[in-house]
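User: I've got a model open and want to talk through a few of its features. Can you take my questions one at a time?

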Amino acid sequence: MWKLFATQYVNDWEEVCYQPTALGYVALVVIGLLCIAVAVAIVKRSGNGGKQITTRQLIFSAMAMALATVTSMIKLFDAPMGGSVTLCSMLFITLIGYWYGPRVGILTGVAYGILQLVIDPYILSLPQMIVDYPLAFGALGMSGFFSESKNGLQKGYLLGIFGRWVFAFLSGYIFFAYYAWDGWNPAAYSAVYNLAYIGIEGAITLVLISLPPVKNALLAVKKQALGE
């Protein structure tokens, strides 16, 4: 069954990896669309407005995914064994959680993770794929837990990238322990390695969104996203 969705190959590090087949890509796209559909259904049931507002939220979620995808390709630094510091790409998914709550944010993050998997797949096994893509990026949507809090965007962003770091740490510890630096425990290696690129991008983004002009601009966009 697995062979219908992925083909096996050996990469430059002599790892046995998998590349999605045409049917595999179709399945990933369908799963991503289902995540968005479920997010829309959740919004509709939550009583946040009628059909027009639901459509607005769908549009803003799609725009956030598009912006996150574009900025993820603008890399300020590439880590040697995966991961990179991008142009604030994680921010756009956390914005959806902050605007529409954690359920919609997490599902949008999962859909974005699947989109990243379609664009640049790195698959060693099904569990690794799930942890590195839908779970890690889905965690960014936890920003919604601070949607009603003072300085909620900053707090939510920190929670979202922390969630992504947790899954990146688990992936590094479970699936990539053999890359640990000499003399390093695999857990310590994974924690530091993944904190480096996630933390650097997180620090840059936090400084940026705390600047008054950016803060005011994001507040204006939030009002449009909520239809206020």
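User: In the hairpin of E1 and E2, which residue takes a positive phi?

Analyst: Quick housekeeping: this is a predicted model, where local features need pLDDT of at least 70, side-chain atom pairs count only at pLDDT 80 or more, and totals for chains, interfaces and linings use all residues. Residues are numbered from 1 along each chain as its sequence is written, and side-chain values use heavy atoms, with hydrogens and water left out. Helices (H or I, at least four residues) and strands (E, at least two) are DSSP runs, numbered from the N terminus. The hairpin has five residues between the strands, and the one with a positive phi near 60 degrees is Glu14.

User: In which sense do E1 and E2 pair, and what stands opposite Gln8?

Analyst: Two strands count as paired if DSSP finds at least two bridges between them. E1 (residues 6–10) and E2 (residues 16–20) have five bridges, and the sense is antiparallel.

User: How far apart are the axes of H4 and H7?

Analyst: Axes are lines fitted to C-alpha atoms, for helices over the stretch in contact, and angles run from 0 to 180 degrees between N-to-C directions. H4 (residues 89–100) and H7 (residues 152–175) pack at an angle of about 120 degrees, and their axes are apart by 9 Å.

User: Which residues of H7 make that contact with H4?

Analyst: Contact here means heavy atoms within 4.5 Å. H4 brings Met90, Leu91, Thr94, Leu95 and Tyr98. From H7 come Gly152, Leu153, Tyr157, Ile161 and Arg164.

User: What is the volume of the largest pocket?

Analyst: On a 1 Å grid over the protein atoms alone, a pocket is an open set of points where a 1.4 Å probe fits, with protein on both sides within 12 Å along at least five of seven lines; lining residues have an atom within 4 Å of a point. Grid points are joined across faces, edges and corners, and a volume is the space filled by probe spheres set on the points. Of the 38 lining residues, Gly82, Gly83, Asp120, Tyr122 and Tyr133 are the closest to the centre. The volume comes to about 980 Å³.

User: And for the second largest pocket, which helix supplies the largest share of the lining?

Analyst: This pocket holds about 260 Å³ of space, and the closest of its 14 lining residues to the centre are Leu28, Ile31, Leu117, Leu126 and Met129. H1 (2–5), H2 (22–45), H5 and H6 each supply at least two residues of the lining. The largest share, four residues, comes from H2.
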